[in-house]
Amino acid sequence: SLLNDLGEFALAREKAESALAEDLSYGRNYGTALEQIELGRALLGLSELQAAHRALDEALAWGERMKQVEIVGRALLHQGEIASRQGQLDAAVAALERSVAVLTDSSLKGHLSAALLQLQHAYQRRKQPELALDVANRRLALNVELFNAQASRRTARLEHAHQEELSKKQI
């Protein structure tokens, strides 16, 4: 959520818990899974790592039951971050490698980039520079692709606006 992105973790926790209760009461599985992720992110930001891991385990279970790769990939990304912060590098690498594999075929390229960065850091901490470099190069290529796509969309919008202005002047 935006609150988590802004570092407002206590408020993000409050909102996620409220939305989670509502989603559960109405049987909204997808919303429940997303709110579990946001709750996990908020708890991670508050350094409540065990509670964050439990919330992310719930999100992962929902994602797997619903076969929602985006939820699975995001939950694994944050589980990898928790394991890394706890110094459990093997568990971090396992979660992050799985997150990367899942997110590679998803539309969440920004999350894939984040997973690649976390994986790169985990490899560096495990003293595996070749693997870290491979992941860094993959992330660089992805980020260039993302930048190019964004730049192309912006250019297309500018061209469209310019054409509209020209049409107005001709009238």
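Reader: Which residues in α2 meet α3?

Author: In this predicted model, the α2 residues are Phe 9, Ala 12, Arg 13, Ala 16, Glu 17, Ala 19, Leu 20, Asp 23 and Leu 24. Their partners in α3 include Gly 31, Glu 35, Leu 39 and Leu 43.

Reader: How many of the residues in that contact are nonpolar, polar and charged?

Author: The contact of α2 with α3 has 9 nonpolar, 4 polar and 6 charged residues.

Reader: And at what angle do the two helices pack?

Author: Helix α2, residues 9–26, and helix α3, residues 29–45, pack at about 160°, and their axes are 8 Å apart. Angles over 145 degrees count as roughly antiparallel, and α2 and α3 are therefore roughly antiparallel to each other.

Reader: Is the crossing left-handed or right-handed?

Author: The crossing of α2 and α3 is left-handed.

Reader: New topic: which residues in the largest nonpolar core touch the most other members?

Author: They are Val 100, Leu 112, Leu 116, Leu 119 and Tyr 123, in a core of 14 residues. The elements that contribute two or more residues to this core are α6 (89–104), α7 (109–125) and α8 (129–170).

Reader: Which element gives the largest share?

Author: Helix α7 does, with 6 residues.

Reader: What does Leu 116 touch?

Author: Leaving aside residues up to four places away in sequence, Leu 116 touches Val 100, Val 135, Arg 138, Arg 139 and Leu 142.

Reader: Which residues are in the second core?

Author: That separate core has 11 residues, among them Ala 16, Leu 49, Ala 51 and Ile 82. Ala 16 is also one of the α2 residues that meet α3.

Conventions
Residues numbered from 1 in each chain as written. Predicted model: local features only at pLDDT ≥ 70, side-chain atom pairs only at ≥ 80, totals over all residues. Heavy atoms only, no water. Core = buried A, V, L, I, M, F, W, Y, C linked by side-chain atoms within 4.5 Å. Buried < 20%, exposed > 50% of the residue type's maximum accessible area, 1.4 Å probe, protein only. Helix = DSSP H or I, 4+ residues; strand = E, 2+ residues; numbered from the N terminus. Contact = heavy atoms within 4.5 Å. Axes fitted to C-alpha atoms, helices over the stretch in contact; angles between N-to-C directions. Parallel < 35°, antiparallel > 145°, perpendicular 65-115°, else oblique. Left-handed = near helix turned anticlockwise from the far one by under 90°. Nonpolar A, V, L, I, M, F, W, Y, C, P; charged D, E, K, R; others polar.
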